[in-house]
Amino acid sequence: MRRRILLSLLIAGGFVLSGFAGTIAYFMPAIRTGLSSTGQAAGLPAPTAAVGAATTSVTARPQPGSNDPFTVLLLGSDNDAKFSGDHLLTQSMILVRVEPATKRVTLLSIPRDLYVPIDCASGSQKIDTAYSYGGARCAVSTVQTNFHVHIDHYVWIGLKGLVSLIDQLGGVDVVTTNPVLDDFYPADLAGGNPFAYERVAVLPGAQHLDGLHAMEYVRSRHGDLREDFGRSERQQQVLLALRAKARNLSVFDLPDIAGSLSGQLTTDMGITQVGGLLPLAAGLDLKNVNRVLLLPPYTHGQIVGNQDVVVPDWNLILPLVAQSFPS
């Protein structure tokens, strides 16, 4: 019974964060699925000083639930049979800054093809490879180094975790501003062959999407004229739709949600930290959510070697990040 109560507390804390941005509902409705897996398996690295930047002392990380602002890196991976568990890419990387005192939230989507130096590898590569080299620690360190931002915590969710979460919530309601028509969508969830493809379509307008169709909307990489930027926009739309669904949940829904996410979610937050989020649930408003995409001129497409990449203009990006994610 005590185990069930603690688990429910973790899930409830996740939905408090979802009230801030919708984003955390995607990644955090059940911080862990059992007390034994709520430990700090992979702590975050200390902030890395940028080249040429002034060195600052490392202070204690603010605790979610206090009045201090904090930043979370949200990571989402395709973890189907095509990939080994120790070599996953991150299909989604979103920085979230929460300011409890003003109830403001900033979401910054990082393009998966952003071409940057990887902290735990040699040379520059697409930023989605950082997780494959060193898990959350490497992904966090790489984002900190390149974006000159301090990250307090991370949350990672797998491919099937998002599908299960949305199905447990009864689907999501989205006005699809970026319709999808993809002839080469991976048929790795519904079919038995993880390397097969299928044709999928998500029409424009108001849609009620179950887990699989919501995944098609946020995951498709073909047929969108805005390419990865349109994909980032779609991801943010579904995250905010999840925030709306979270408001209708009761504590009695939490055990089923936790069971659906077994093995699909990890974080460095513990029970006490998540429990401290509960008082923040009141008075949150989507009007206080600032959504940032690194569209041109902040980035531009380029071919490096034999691959298409997104090249950052740090002279434009770093002032934007400093404004949205102040130290």
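Predicted model: local features only at pLDDT ≥ 70, side-chain atom pairs only at ≥ 80, totals over all residues.
Q: Which elements does the chain have, and how many?
A: The chain has 9 helices and 14 strands. As for the contacts with a separation of 6 or more, 70% of them are accounted for by residues 24 or more positions apart.

Q: Where is confidence lowest and where is it highest?
A: Helix 2, residues 23–27, has the lowest confidence with a mean of 37, whereas strand 4, residues 115–117, has the highest at 98. The chain averages a pLDDT of 74, and 65% of the residues score at least 70.

Q: Which stretches stay under 50, and how many contacts does the model have for them?
A: Over residues 1–43 the pLDDT stays under 50, and the model has 144 contacts beyond four places in sequence for that stretch. Residues 45–59 also stay under 50, and for these the model has 16 such contacts beyond four places in sequence.

Q: Switching to strand 1, is it buried or exposed?
A: All 8 of the 8 residues of strand 1, residues 70–77, are buried, so the strand is largely enclosed by the rest of the structure. Phe70, Val72, Leu74 and Gly76 point one way from the strand, while Thr71, Leu73, Leu75 and Ser77 point the other way, and all are buried.

Q: Which strands does strand 1 pair with, and in which sense, parallel or antiparallel?
A: Strand 1 is joined to strand 2, residues 92–99, by 7 bridges, and these two strands run antiparallel. With strand 6, residues 153–158, strand 1 pairs in the parallel sense over 6 bridges.

Q: Which residue is the bridge partner of threonine 71 in strand 2, and what else does threonine 71 touch?
A: The partner of threonine 71 in strand 2 is arginine 97. Leaving aside residues up to four places away in sequence, threonine 71 touches Leu95, Val96, Arg97, His150, Ile151, Asp152, His153 and Phe325. Threonine 71 has a relative accessibility of 2%, under the 20% limit, and therefore counts as buried.

Q: What about serine 77, which residue is its bridge partner in strand 6?
A: The bridge partner of serine 77 in strand 6 is glycine 158.

Q: Where is threonine 90, and is it buried or exposed?
A: Threonine 90 is found in the loop between strand 1 and strand 2, and because its relative accessibility is 0%, threonine 90 counts as buried. The C-alpha atoms of threonine 90 and leucine 75 are separated by 6.1 Å, although the two residues are 15 residues apart along the chain. Not counting residues up to four places away in sequence, threonine 90 touches Leu75, Gly76, Ser77, Arg112, Ile127, Asp128 and Tyr131.

Q: How far apart are the end C-alpha atoms of helix 3?
A: They are only 14 Å apart, although helix 3, residues 130–147, has 18 residues, and a straight helix at 1.5 Å a residue would reach 26 Å. There is also a kink of about 105° in helix 3, centred on alanine 136.

Q: Which residue with a positive phi follows helix 3?
A: Helix 3 is followed by histidine 148, whose phi is positive, near 55°. Histidine 148 lies in the loop between helix 3 and strand 6, and at 39% relative accessibility histidine 148 counts as partly exposed. Lysine 103, in the loop between strand 2 and strand 3, also has a positive phi, near 55°. At 30% relative accessibility, lysine 103 counts as partly exposed. Most residues other than glycine have a negative phi.

Q: Last topic, which residues does the cis peptide bond join?
A: A cis peptide bond joins proline 296 and proline 297, with omega at about 15°. Proline 297 has its place in the loop between strand 12 and strand 13.

Definitions and conventions: Residues numbered from 1 in each chain as written. Heavy atoms only, no water. Buried < 20%, exposed > 50% of the residue type's maximum accessible area, 1.4 Å probe, protein only. Helix = DSSP H or I, 4+ residues; strand = E, 2+ residues; numbered from the N terminus. Pairing = 2+ DSSP bridges. Contact = heavy atoms within 4.5 Å. pLDDT = per-residue confidence, 0-100. Expected span 1.5 Å × (residues − 1). Bend = angle between axes of the 7 residues up to and from the residue.
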